[in-house]
Amino acid sequence: MLRVVKNKEGNVFLDISQKVDGRGAYVCKTNICIDKAIEKKSFSRTLKCNVPMSVFEEIKGWMTND
């Protein structure tokens, strides 16, 4: 599972360590799950903010390096 977190400052980013304080949202490590989360705006709803596409690009980039 991958974790995206929104910290107290309102920054949204991929949390590789899965230990950063803040509100977190999880997604499995497949393109299908990530694409579905983007389509349904799951991260935005869970984190209660607009999640920039750069976060999803970072996730996909990290997955290709894993």
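How many helices and strands are there in the chain? There are three helices and three strands, where helices (H or I, at least four residues) and strands (E, at least two) are DSSP runs numbered from the N terminus. This is a predicted model, in which local features need pLDDT of at least 70, side-chain atom pairs count only at pLDDT 80 or more, and totals for chains, interfaces and linings use all residues. Residues are numbered from 1 along each chain as its sequence is written, and side-chain values use heavy atoms, with hydrogens and water left out.

**Fold and dimensions**
- From the N terminus on, the order of elements is β-β-β-α-α-α.
- The chain has a radius of gyration of 11 Å, close to the 11 Å that the globule rule gives for 66 residues, so it is as compact as a globular protein of that length; the radius is taken over C-alpha atoms, and the rule is 2.2 Å times the number of residues to the power 0.38.
- The C-alpha trace spans about 30 × 25 × 20 Å along its principal axes.

**Burial and contacts**
- Of the 66 residues, 29% count as buried, meaning under 20% relative accessible area with a 1.4 Å probe, protein chains only.
- Leaving aside neighbours within four places in sequence, I59 is in contact (heavy atoms within 4.5 Å) with L2, V4, L14 and I34.

Definitions and conventions:
Buried < 20%, exposed > 50% of the residue type's maximum accessible area, 1.4 Å probe, protein only.
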